[in-house]
Amino acid sequence: MTTPETRPAPESTRGLLAALAPLLAAESDAEAPAAGVDPGDLEQAVWLRLLERLRDTGAPDRPADWLRRAVRAEARRARRNADRERPYPGEPAPGPDADVPHGSPEGSLLVAERHRTLRAAVTRTPGRCPRVLAAMLDPEDPTYREIAGELGISQGSLGPMRSRCLGCLRRMLAAEVPVPGRRGRVR
């Protein structure tokens, strides 16, 4: 016996999902950094909303518009949830420069997450910046001469290019980091 949940999707639904996939990926990539979530997580949440909508009321009249609104709504929901999350009272929240014990699973996870976030932001920078910043982050710590030779640019232009790329990266990361709470005395 097939139930509505186990019944295969009609061909029109498959076509709709296939047509919306590139748009959803692009919209999720655009909205995720400001929401502080992974684009894949945002995409997954919207797919779920779409499938629930298809099951309950059918396809939206204007699927592309509905999808854009759904992505923005999920991004807002993710921002609200991030604003509400707080560490347990007895545990201090680790800062970006906090020393974590070597071998601690939590510490290793936090360090790996910071590195993943930084590397992901570097790949989203425009132009030559991903290559310049990746060379700067190389664990072998190459010299300016080595980096310039690898990138095929003059050593003198590497400094200004590095500065522009770091500024771009800083602006991108500033959009992803939540604004700190109030400071000082409240009157």
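A: Helices are DSSP runs of H or I with at least four residues, numbered from the N terminus. This is a predicted model, so local features need pLDDT of at least 70 and side-chain atom pairs count only at pLDDT 80 or more, while totals for chains, interfaces and linings use all residues. Residues are numbered from 1 along each chain as its sequence is written, and side-chain values use heavy atoms, with hydrogens and water left out.

Let's start with α6, residues 144-151. Its buried residues are Ile-147, Ala-148 and Leu-151. They sit on the same side of α6, because they cover an arc of only 100° around the axis (the arc is that of the directions from the helix axis to the C-beta atoms). Over on the other side of α6, you'll find Arg-145, Gly-149 and Glu-150 exposed. Gly-152 follows α6, with a positive phi near 75°.

Now for α2, residues 39-56. Here Leu-42, Val-46, Trp-47, Leu-50 and Leu-54 are buried. They share the same side of α2, since their arc around the axis is only 135°. The face turned away from that buried side carries Asp-41, Gln-44, Arg-55 and Asp-56, which are exposed. Just after α2 comes Gly-58, whose phi is positive at about 95°.

Notes
Helix = DSSP H or I, 4+ residues; strand = E, 2+ residues; numbered from the N terminus. Expected span 1.5 Å × (residues − 1). Buried < 20%, exposed > 50% of the residue type's maximum accessible area, 1.4 Å probe, protein only.
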